[in-house]
Structures are given as C-alpha cells and as structure tokens.
Amino acid sequence: MDLLDIRNLTIEMDGPHGRVRVLDKVSLQLKEGEVHSLVGESGSGKSLLAKAVIGVLNPLWDVTADRLWWNGKDLLAMTPKQRRAITGRDMAMIFQDPLAYLDPNSTVAEQITEAIPAGDVTGTFMHRRIDRKTRVAQLLHRVGIRDHDAIMKSYPYELSEGIAQKVSIAIAIAHRPKLLIADEPTTAMEPSTKDQIQRLLGKLAVSQSMSVLLITQDVASILPATQRVSLLYCGQMMEHGDTETVLNRPAHPYTDAMIKMSLQAHAELEPKSKLPSLPGAVPTLRHMPIGCRLGPRCPYAQKQCVKAPLVRHRDEQSYYCHFPLNEPEA
Amino acid sequence: MSHLLEAVDLFKTFRPRRSWPWSKKSVALEPTSFTLEAGETLAIMGETGSGKSTLSKIIAGVEAPSGGELYLNGQKLNYAQSKRRCQNIRMVFQDSDKSLNQQLTVGQQLEEPLLFNREMSNSERKQLIHSTLRKVGLLAEHAAFYPHMLSTGQKQRVAIARAIILDPQIVVADEALVALDPSVRAQIINLMLDLQKDMGISYIIVTHSPQIVKHIADKILILYRGKMIAFNETERLLTEKQQPYVQALLHEHLINHSQITGNSSAKVTE
C-alpha cells in the first residue's frame, strides 16, 4: 500500500476576480522509503500540494479530492484533531531558509530537545536530562555535524547556512517521521553546501527508511537518489514517473524544456550561444488558459490543446499531453 | 591603449566590532588587481565570505575601498565621483522585488536616472524610456505599470532596463541570476547576451554557479578568503591544470555528482 495516495486533488480559492483553481486534479503516489521529487517553477502550486498534505491550508479554500489517503486512512474525512495527531507524529517539513525557520532566541540544543518526543526519555529527572542531551548529540551526529558540543551551545545567527539547514533537518527527524517534506531546501545555497545537504537527505532516506518529498525548481537539482519525479506547471500535473525514464525520454514538451533549460545542459552548449527557453511568462491567476495550461507557451500546441488531456501511460511514466514526444516507433 | 576598467591593488579592511582602535583590522579583501576590456564579461567566483560581494560593491561605488585605485578608460575614478561612476557603471541586484520601488510606476523609475544625469525634454525622455523598454523585451505600455503587476521575469527585465538606460559601459550583476526560475533565467541570460552584442556593454557577474560562468564569462576571477588566487581567461582556466580549490569551484557539480551516486548505490547494496 502507498504511504501517501493522492488522486485528483483540486484546490479552489475565491479571489477578487472570481473563483480560481490553483491546483487542478493532481495525483501523486508515494511509497514507503521512496524519494520523490516534485519539480515546478514558482507559482506552479508545488508548495500548495505540500501544505494540503500537512493540512495547513486556509480553511476558506475548497479542497476536494477523490482520495487523500495516508496509510489507507482518509485525511479529508478526519476531524482537525485527528489530523493534527497524524501530522505531528508522522510528518515533518524543512524549508528554504533555515535561519528564518530556527528560533533566534534559543540555542540549538534547546530547539532540538523540544522536538524529542516526551515518551522517548524515561527515569528520574536527572536521567531524563542526561538522556535528552545524548539524544541531541546523536541527532547532530546523524546529520553529519561532528563538533556537537560547540554547535549545541550556539545560537542560529552564529551558524553558517549549511550547518543551519542540517540543524533544521535534525529537528525534523527527531521524532522519526515517516515522511519528510523538503520545500526547496537547497535553492539559494552555493554548490558545495547544496551537495552536502542533498547527499545527507539521500542517506537519511535510506538509513531511517523515511520517505522524502523533495520540492525543487530545477530538474538539475533533484536528488541523485530520487526514484520518482513529478512535474507540475500552473497547478496541473504534466508528467510523472521513474526518474531515469522521465529524464532520458521525456514525453511531455514541458519536461523536455525543463531538461534543456537546466544548468547542466548549459555547460554543454557553445559559450555565448542562445539558451533554449520557453517563450512568454507563467500566466497569472487571473488569466489561466483553459485546457492544458502550458498551451500558449508550448511549441507543439494545436487545436486539441484547449481541452485538458487525460492521463496516458507509457512504460514507467505517465503524462498529460495530446502530442507526446519521443514516441517509440511503431 | 588603456583598458576599460583597471583595478590596481584594491583592498578593503574593517575594524571589528567591540575592538580597540589600535587592534588589528580584519581583512575583507586583500590587494586585488585586474583589468576589463570593452564588451567582455568578467565573472567573480568564490565561496560565501570570500569577498566577492565586497569587490563588486567597491566597483559599483556602494562601499569605499580602504586603498588602491580604480581606473575607468585610463582616468582615475575616485569614490566620491558618483556622477561619473553612476553614468558608466550600473548595478543589477538579486531581488528585483526589493530593488524596485513599489510606489512608483516603471516609467517613473526609469525616468529618475535621466532626470539626474541627462538634460532632456519631456518628450525625449519618454521616447528613450519607451525604446529602452522595447530593447529589454517589454512593451512601451509597461511604463504605466506598477512593479506588483509584473511577473518575476518582467521585473528583472525592468531592473536591467534601469541599468542600461544611461548607456553605461559596465553593468555589475550581483547574484542576479541564481534565484530565478529556469525558464526566466534562460530568457534573462539570452537578453544580457543580446544587449552585450548590440551595445557593447561589459558585465561583471558575481555568482557561484560554474555552469552559468562557463556559458557567459570571458574571464574569471577567483577569490578565496579575500585573496585573489586566479585571474585568467575562461578557456585557459578550464583546460589547464589548476589549484585544487579552483578545480573544485569550476568542476564542483560534476565531481560531487558522481560521488553522490556512487555513495548512495553503495549504501543500498550494503
């Protein structure tokens, strides 16, 4: 059974200019211990999807889904209290800017101690105290921080970007969650720190048997350990499937464009030559195109594209397009 | 013939906070010399805290250097000569949201540098604003828009329009390309290359992305803890053997990528 099973999730909100569908029938399945990358440009609704899973959306928005199942239980049918219990126990999230996420007023040790579940430490007061301290040191070791004594005593402003992100990961894994949602954890970092964090996330997914939902902007920055990848554009799912298949033989024009626009692809081009790019800009919420939302920017678009395409399957990948690329020759 | 921009032993030191007047100053940038020709692109690379932003700020005139000289077209450029500097060296920032004034329309923001630096009539100014907007791929009608009405890419285009409206010789871009979406980033790089071809602008680009640098830079300057450890043409830096730090910076992603995949597969098999 899938850990997380989302079928046709739709989120609608009432704006000043009428009703807007910000997520349009998005499906996503996440198995246990799987690393899943969610790729999309800003405004594609990838953070919204994560928030819908965690359950922190504005209550005025309409969230409907054929299925929003966590381990076989329907999340949408639960009371907020039941849902909070599941979110608090089994899910954790890390964010783009760790320095904004950590509490500036307390030390690293205090913040990690808070995240350790109360049932984990037993005994007398002093026992619990010592236990907690060793647990904090263990957690810091697990995220690759060696000099735990110095780091435990320091405040967030004293930490470098990479260390701060590692601390936020330590807080996230303190209660052994089943799902870690990483919302653009490495976007603004420099390459060496980025690699460290990515390697750490990949390693943790294996050693803690934890699922990771990694949200990124760029196809180039998905984890090498990623098993599956999904591409979102303007609230619509474009393509999802096995990472190798999708990246080597993209079926959707958007996937193809994202691969060509990634930083890796730039390195192979002639210096100072024109970079491939999709024309135009991401449409605003007021002016969403009908049908396939990529339509106006898509180089392969034709008349049929004003109707939203149904899902099609090919080997290990599924895509939503009338005119797929890289079709096997009949 | 003189160089377009020549830096001779530029350096910057700070007095640490809570220190005695006679205690040792901390060095942000050790004496650095380099040259830049017209129509060339110089990339400044380095880790966080290596002084690359300090160097770009000194060039753009945001901060005064503690010593050393800067020559523009063979003439000395002092820190206080802000008029001459701002007409020839312009800056584009990372966050176009913060660098644009949300209270003014795009037209008003583009008009400001003209009001201070050029003697033009109203209609001439309007014409120039419209033609500059068209140059960066926007429409003349966008002059009446406020920044919040534009998308991220369009805002970055406005920021570039504001930089080139005075027909400068050098544009300094401090991390202006990193935080953008992939499609927007490709569009902005294309725009910058086009402008360089048409107007002969030189760029000084501060970034830590080796792929972008390889694509657009003619020369690379590499800083390590405030010290310049390499300054050469891109091709030579890429092909010749370099110090480990330079190698790591230029080929970082490729090296680490193979390492990660190797590690993770090993972990799975254990």
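Me: Which residues of H1(B) are buried?

Reply: This is a predicted model. The buried residues of H1(B) are Lys52(B), Thr54(B), Leu55(B), Ser56(B), Lys57(B), Ile58(B) and Ile59(B).

Me: How many of the nine residues of helix H1 of chain B is that, and what follows?

Reply: Start with the general idea. An α-helix has 3.6 residues a turn, so residues three or four places apart point the same way. Now the case here. Helix H1 spans residues 52–60 of chain B, and seven of its nine residues are buried. The helix is therefore largely enclosed by the rest of the structure.

Me: What comes after H1(B)?

Reply: Gly61(B) follows the helix. The phi of Gly61(B) is positive, near 85°.

Me: Which annotation covers this part of chain B?

Reply: The UniProt record, an unreviewed entry, gives "domain: ABC transporter" for residues 5–250 of chain B. Over that range the chain is 39% helix and 25% strand. The end C-alpha atoms of the range are 25 Å apart.

Me: What does UniProt place on chain A?

Reply: The feature "domain: ABC transporter", again from an unreviewed entry, at residues 4–259 of chain A. There the chain is 38% helix and 26% strand.

Me: Now sheets. In what order do the six strands of the open sheet in chain B stand?

Reply: General idea: strands of a sheet pair through backbone hydrogen bonds, either parallel or antiparallel. In chain B the order is S6-S7-S8-S3-S9-S10, and the pairing is mixed.

Me: Which strands stand at the edges?

Reply: Strand S6 (89–92) and strand S10 (227–233) of chain B. Each has a single partner strand, so one side of each is left without a neighbour in the sheet. From one strand to the next, the twist averages 15°.

Me: Which way do S3 and S9 of chain B run, and how many bridges join them?

Reply: They run parallel, joined by five bridges. S3 covers residues 41–46 and S9 covers residues 219–224 of chain B. Ala43(B) faces Ile220(B) in S9(B). Met45(B) faces Ile222(B) in S9(B).

Me: In what sense do S3(B) and S8(B) pair?

Reply: In the parallel sense, over four bridges. Thr41(B) has Tyr203(B) in S8(B) as its bridge partner. Ile44(B) has Val206(B) in S8(B).

Me: How many bridges join S7 of chain B to S8(B)?

Reply: Five, and these strands run parallel. S7 consists of residues 170–174 of chain B. Val172(B) is bridged to Ile204(B) in S8(B).

Me: Are the residues of strand S8 of chain B buried or exposed?

Reply: Use the cut-off: a residue is buried if 20 or more other C-beta atoms lie within 10 Å of its own. Five of the five residues of S8 (residues 202–206) of chain B are buried, so the strand is largely enclosed by the rest of the structure. Both faces are covered. Ser202(B), Ile204(B) and Val206(B) lie on one side, with Tyr203(B) and Ile205(B) on the other.

Me: How many of the six residues of S3(B) are buried?

Reply: Six, and the strand is mostly covered. One side holds Thr41(B), Ala43(B) and Met45(B). The other holds Leu42(B), Ile44(B) and Gly46(B).

Me: Is Asn58(A) buried or exposed?

Reply: Asn58(A) counts as exposed, because it has 9 C-beta neighbours inside 10 Å. The cut-off for exposed is 12 or fewer. Asn58(A) sits in the loop between helix H1 (46–54) and strand S4 (62–64) of chain A. Asn58(A) and Ser106(A) are 48 residues apart in sequence and 29 Å apart in space, C-alpha to C-alpha.

Me: At what angle do helices H4 and H7 of chain A pack?

Reply: At about 25°, with their axes 8 Å apart. H4 is residues 108–115 and H7 is residues 161–172 of chain A. Angles under 35 degrees count as roughly parallel. H4(A) and H7(A) are therefore roughly parallel to each other.

Me: Which residues meet there?

Reply: Val108(A), Gln111(A), Ile112(A) and Ala115(A) in H4(A) meet Val167(A), Ala170(A) and Ile171(A) in H7(A). Six of the contact residues are nonpolar, one is polar and none is charged.

Me: Last, the chain contact. How many residues does each of chain A and chain B give?

Reply: Chain A gives 34 residues and chain B gives 32 residues. On the chain A side, helices H8 (191–207), H10 (253–261) and H11 (263–268) are the elements that give two or more residues. H8(A) has the largest share, eight residues. The chain A side divides into 16 nonpolar, nine polar and nine charged residues.

Methods:
Residues are numbered from 1 along each chain as its sequence is written. Chains are lettered from A and ligands numbered from 1 in the order in which they are written. This is a predicted model: local features need pLDDT of at least 70, side-chain atom pairs count only at pLDDT 80 or more; totals for chains, interfaces and linings use all residues. UniProt positions are given in the numbering used here, feature names are shortened, and annotations may be inferred rather than shown by experiment. Two strands pair if DSSP finds at least two bridges between them. Axes are lines fitted to C-alpha atoms, for helices over the stretch in contact, and angles run from 0 to 180 degrees between N-to-C directions. Angles under 35 degrees count as roughly parallel, over 145 as roughly antiparallel, 65 to 115 as roughly perpendicular and the rest as oblique. Two residues are in contact if their C-beta atoms, placed from the backbone, lie within 7 Å. Ala, Val, Leu, Ile, Met, Phe, Trp, Tyr, Cys and Pro count as nonpolar, Asp, Glu, Lys and Arg as charged, and the others, Gly among them, as polar.
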